[in-house]
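The tour goes stop by stop, with something to select at each one.

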Amino acid sequence: MKSLHTIVALLVSSLSIGAAFTTSSFITRPYAVAPAAPSLKAGGFEYQDDDQYDSIENPFKKDSAYDEEGTLKVDAARLLGPRLKGSSVYLVGMMGSGKSAVGNVLAKRMGTYSFLDTDTIVENATGMKIPEIFESEGEEGFRDVESQVLDSVHAYVRCVVSTGGGIVCRAKNWSKLQSGIVIFLDVEPDVIMSRIEGTDRPLLQTENPLETLTNLLEERRGKYEQADVTVKITASMDENAVVNEIAKEMHQFIDENPPAWKQAKEKAQAEGLDWVQ
């Protein structure tokens with residue numbers, strides 16, 4: 001009989017990941033329709049290299065982006081897509097930190113990105129709920145399946161990906177996560193427990209779930225903090241408030257980490273050389 005890992009490998013390899021995507025149709029501000037740019041491929045997924053958006057900058061640094069009351073006139077999240085040039089966004093953090101809910105809202109507000117949840121794909125591929133996988137295969141078995149799913153989805157572009165809480169525990173997963181921008185949703189254990197009290201999450205089936213959660217967070221914190229961006233989340237923040245903070249921090253990160261081609265272009269222009277596209 002084939003093992004669960006073999007079955008999942010076969011399913012994931014044949015899975016049309018696009019069918020698992022929830023394509024975002026929510027657009028907060030209309031954009032003029034421009035002629036189609038050359039289509040590029042990454043991991044079998046087509047996207048447009050939109051050179052007409054190269055001039056889009058960090059809206060938080062532009063006075064003209066604010067109204068008289070000091071409020072941004074545009075959705076900063078909507079401007080992330082053009083600046084990311086197709087790079088995917090990976091959300092990491094503890095169970096119950098809101099990765100799925102926040103990721104879905106972030107993808108919708110970005111407008112051109114799709115939302116993907118690795119836990120959902122694991123369940124769809126295995127036909128089993130995660131607690132059932134833990135029971136039959138153990139945590140290591142689940143982590144193997146989770147890594148197989150990440151191997152498949154990381155090649156796709158323009159995705160917001162919600163990952164399992166323990167995905168950072170395996171070093172090999174980081175090579176996949178770092179193909180995009182990694183965001184750590186940092187939430188205090190007591191806030192998480194208030195959200196998931198009475199949970200059936202396998203790792204919290206202990207006499208003191210809060211203590212277990214606290215210890216798990218401390219064990220993983222060093223790995224979570226390797227993320228490109230950390231967003232501190234409080235109990236009073238809803239999904240849109242978290243996305244607002246993510247957008248602000250991501251624009252800042254992009255400013256501080258421009259792509260190599262942009263650095264080369266700026267250097268050439270500073271030296272008075274023509275930049276050849």
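**Stop 1**

Select Asp 75: it is buried, with a relative accessible area of 15%. Buried means under 20% relative accessible area, exposed over 50%, partly exposed in between (1.4 Å probe, protein chains only). This is a predicted model, where local features need pLDDT of at least 70, side-chain atom pairs count only at pLDDT 80 or more, and totals for chains, interfaces and linings use all residues. Residues are numbered from 1 along each chain as its sequence is written, and side-chain values use heavy atoms, with hydrogens and water left out.

The term salt bridge requires a side-chain nitrogen of Lys or Arg within 4 Å of a carboxyl oxygen of Asp or Glu. The pair links distant parts of the chain: Arg 109 sits in helix 4 (residues 99–110), Asp 75 in the loop between strand 3 and helix 3, 34 residues apart. Helices (H or I, at least four residues) and strands (E, at least two) are DSSP runs, numbered from the N terminus. Arg 109 also counts as buried, at 10% relative accessibility.

**Stop 2: Asp 255 and Lys 61**

How many salt bridges does a search of the whole structure find? It finds 15. For another one, select Asp 255 and Lys 61, whose closest N and O atoms are 3.1 Å apart. Asp 255 lies in helix 10 (residues 239–256) and Lys 61 in the loop between strand 3 (45–48) and helix 3 (80–84), so this pair ties together parts that are 194 residues apart in sequence. Check the surface here. Asp 255 is partly exposed at 27%; Lys 61 is exposed at 53%.

**Stop 3: a charged network**

Select Asp 186, Glu 188, Glu 218, Arg 221, Glu 225 and Lys 232. Salt bridges link these residues in a network. Zoom in on Lys 232 and Asp 186, which meet at 3.7 Å, N to O. Lys 232 is in strand 8 (residues 229–233) and Asp 186 in strand 7 (residues 181–187), so the bridge ties together parts 46 residues apart in sequence. Lys 232 is partly exposed, at 42%.

Keep Arg 221 selected. Its place is in helix 9 (residues 209–224), and at 16% relative accessibility it counts as buried. Arg 221 touches Phe 184 and Asp 186, not counting residues up to four places away in sequence. Contact means heavy atoms within 4.5 Å.

**Stop 4: strands 7 and 8**

Show the two strands as cartoon. Strand 7 and strand 8 pair in the parallel sense over five bridges; pairing needs at least two bridges found by DSSP between two strands. Ile 183 stands opposite Val 229 in strand 8. Val 229, Val 231 and Ile 233 form its covered face, while Thr 230 and Lys 232 form the uncovered one. In a regular strand the side chains alternate between the two faces of the sheet.

**Stop 5: the core**

Stay on Ile 183. Leaving aside neighbours within four places in sequence, its contacts include Val 89, Leu 91, Val 229, Val 231, Ile 246 and Met 250. Ile 183 also belongs to the largest nonpolar core, which has 62 residues. Such a core is a set of buried Ala, Val, Leu, Ile, Met, Phe, Trp, Tyr and Cys residues joined through side-chain atoms within 4.5 Å. Next, select Leu 84, Val 160 and Ile 246; together with Ile 183 they have the most contacts inside this core. Helix 6 (residues 130–153) supplies the largest share, eight residues.

**Stop 6: two backbone angles**

Select Lys 85, in the loop between helix 3 and strand 4 (89–92). Lys 85 has a positive phi of about 55° although it is not a glycine. This residue counts as partly exposed, at 23% relative accessibility. Then go to Arg 158, in the loop between helix 6 and strand 6 (159–162). Its phi is near 55°, a positive value in a residue other than glycine. Arg 158 counts as buried, at 13% relative accessibility.

**Stop 7: Pro 209**

Finish in helix 9, at Pro 209. Pro 209 is partly exposed, with a relative accessible area of 25%. Pro 209 touches Met 193 and Leu 204, residues up to four places away in sequence not being counted.
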